[in-house]
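Please open the structure in the viewer and keep the selection tool at hand.

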Amino acid sequence: MHLGMSKSKNSTSLYVLKSTYHNGFHSTKIVEKLGTVEELSRKLNGQDPIVWAKEHIKELNALEKEEKREVMAKYSPVRQIEKGQQRTFNGGYLFLQKCYVELGLPQLMESIRRRYHLDYSLDAVFSRLVYARLLHLSDEDYYRESQLLIEQPNFTSEKIAASLEIIAREADNIRTHLYRNTRRLFGPGQDRLFYTSSICLYESSHMEGVYQKVIPMELYYDSNSIPIGYTINPTHEAEPRTTAAEKDIRRSFDGVPAISIGDAGYTSGASPTFRDWSSLNKYMTIVPYAKFNDAEKQQASDPARWHCTDQEGTFNLEELRTGSEAGHLSRCYYKDLCNDSQRTILVYSIYQMEQILAQRAFNTSHGSLMKIRENSSDELIGGITAIVTNILDVDAPELISLYNMRTDDLERCRILSMEADEINEDLTLDESIRAHFIICFSANVVFASLMHKMNSRGEGRDVAQQLRDMQFMKIQSEGYVPLYTRSDLTDRLHEAIGFRTDYEIISTRQMNRLVRNKL
């Protein structure tokens with residue numbers, strides 16, 4: 001690369017130029033417009049713009065040379081690794097980071113930091129809380145989670161505890177900010193409103209003891225499948241107040257067809273705002289196997305003639321007992337039982353089955369679990385639920401995708417709250433709950449933004465697992481070696497976000513640019 005100058009009657013403009021050779025022709029392209037000599041003189045406080053430009057180009061050439069340099073790392077079979085040295089790091093969060101930045105959360109956190117006169121980066125803390133909800137790399141505290149990422153924390157666990165109180169106070173502000181920015185990034189999404197209700201078990205330890213609360217919760221999505229608000233009722237008020245989120249949504253979606261999604265036999269006590277909405281005329285009810293009628297049980301117990309959400313043809317569930325199925329967490333098999341006014345979609349989810357088996361493994365002995373696995377009929381039934389709906393004009397895979405997204409978003413809210421090593425004694429239970437749910441909601445918005453960028457609604461579980469698997473080994477003084485398997489999914493992730501981490505090695509300088517959002 002070299003310096004280029006373009007002189008006009010009134011000014012001289014400086015450029016970074018690069019010589020190219022393509023199809024037998026030499027050419028020159030502009031890599032960067034540096035500005036006019038006059039503009040640069042003002043910005044550089046008197047420094048010679050030409051000298052500065054040449055030094056800048058020298059740094060660019062050095063960077064380009066370094067990024068193309070082949071690395072020869074030496075390892076010894078007799079030299080021990082350093083004790084306590086962390087060698088592997090998660091880099092999947094970098095894809096979430098791009099969406100986090102585009103949602104304007106760093107600027108919001110900085111404005112809150114200045115308002116509270118904090119002496120540390122609130123954005124560094126809040127972003128790690130969001131990534132931990134989505135990646136959930138360990139069962140330990142937030143600070144330990146942040147140490148597993150490439151960018152190491154520049155704060156202490158005490159700062160996390162202090163931040164939770166502020167995050168709780170600013171929950172409505174954060175929710176409003178996300179609502180406005182998702183409108184800006186993805187459009188109004190006002191073709192439909194999705195309204196879902198459920199309950200969450202929240203557990204948190206404080207200085208006084210351990211608390212457990214069953215909290216009614218409602219989530220709202222636009223037609224882009226982006227979360228736009230939530231309501232909780234931790235005190236189980238008979239007539240909870242209308243929140244700012246509900247007012248915004250009611251005003252923006254007035255007259256828009258709404259679809260209610262809920263669990264059979266359960267109505268949330270979080271909010272009455274949308275239950276009497278005149279446009280609430282479509283529903284999806286999630287029904288467990290125990291509540292199936294005889295005809296549905298007969299269809300569910302028949303392993304033949306199931307359809308797949310991402311493959312053509314029909315399938316026999318008893319022939320799916322292969323390890324390859326575990327690599328498709330978002331895949332579901334279904335039977336669509338439809339009549340004139342209502343349809344029942346039986347859904348067999350391998351992901352759900354694995355969750356059931358994992359829970360059984362936690363509660364039973366190894367021998368008992370093996371007996372459960374050997375009983376194929378029990379395993380089939382355990383992995384089957386039903387979607388009962390009056391939505392007749394939407395394909396089953398799309399409804400199943402919506403059901404899975406709802407399940408995953410609620411599951412993130414239900415994960416027992418991780419704690420900082422140093423608990424803030426001044427943090428009340430109410431503040432702890434408010435902080436927990438705004439972190440979960442923010443995480444759901446960030447992840448939905450990533451899925452929107454990938455133009456994919458049905459692969460959420462596969463994408464989430466891929467992000468967890470994107471590990472890197474650090475080569476001291478050289479860079480980071482990807483330890484994950486490149487696939488069509490990783491290619492699509494990189495293309496959607498606009499950078500790549502799948503080179504044989506990523507130099508330290510390259511990785512620093514990604515970490516600092518200079519993508």
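A salt bridge is a side-chain nitrogen of Lys or Arg within 4 Å of a carboxyl oxygen of Asp or Glu. The model is a predicted one, in which local features need pLDDT of at least 70 and side-chain atom pairs count only at pLDDT 80 or more, while totals for chains, interfaces and linings use all residues. Residues are numbered from 1 along each chain as its sequence is written, and side-chain values use heavy atoms, with hydrogens and water left out.

**Stop 1: confidence.** Colour the chain by pLDDT, the predictor's confidence in each residue, from 0 to 100. The protein chain averages 84, and 85% of the residues score at least 70. Select helix α4 (residues 105-116), which has the highest mean pLDDT among the elements, 96. Helices (H or I, at least four residues) and strands (E, at least two) are DSSP runs, numbered from the N terminus. Next select helix α12 (residues 366-374), where the mean is the lowest, 42. Over residues 366-377 pLDDT stays under 50. Where pLDDT is low, the predicted coordinates should not be read in detail.

**Stop 2: salt bridges.** The count of salt bridges comes to 21. Select Arg331 and Asp310, whose side chains meet in one of them (2.9 Å, N to O). Arg331 lies in the loop between β11 (314-315) and β12 (332-338), and Asp310 in the loop between β10 (306-308) and β11; the two are 21 residues apart. Is Arg331 buried or exposed? Arg331 is buried, at a relative accessible area of 8%, whereas Asp310 is partly exposed at 44%. Here buried means under 20% relative accessible area, exposed over 50%, and partly exposed in between (1.4 Å probe, protein chains only).

Now select Arg183 and Asp222, a salt bridge with its closest N and O atoms 2.7 Å apart. Arg183 is in helix α8 (residues 171-186), and Asp222 is in the loop between β6 and β7 (227-232), 39 residues apart. Arg183 counts as buried at 16% relative accessibility, as does Asp222 at 0%.

Move on to Glu102 and Lys453, whose closest N and O atoms are 3.0 Å apart in a salt bridge. Glu102 lies in helix α3 (residues 93-102) and Lys453 in helix α15 (residues 429-453), so this pair ties together parts 351 residues apart in sequence. Glu102 is partly exposed at 27%, and Lys453 is partly exposed at 29%.

Notes
Contact = heavy atoms within 4.5 Å.
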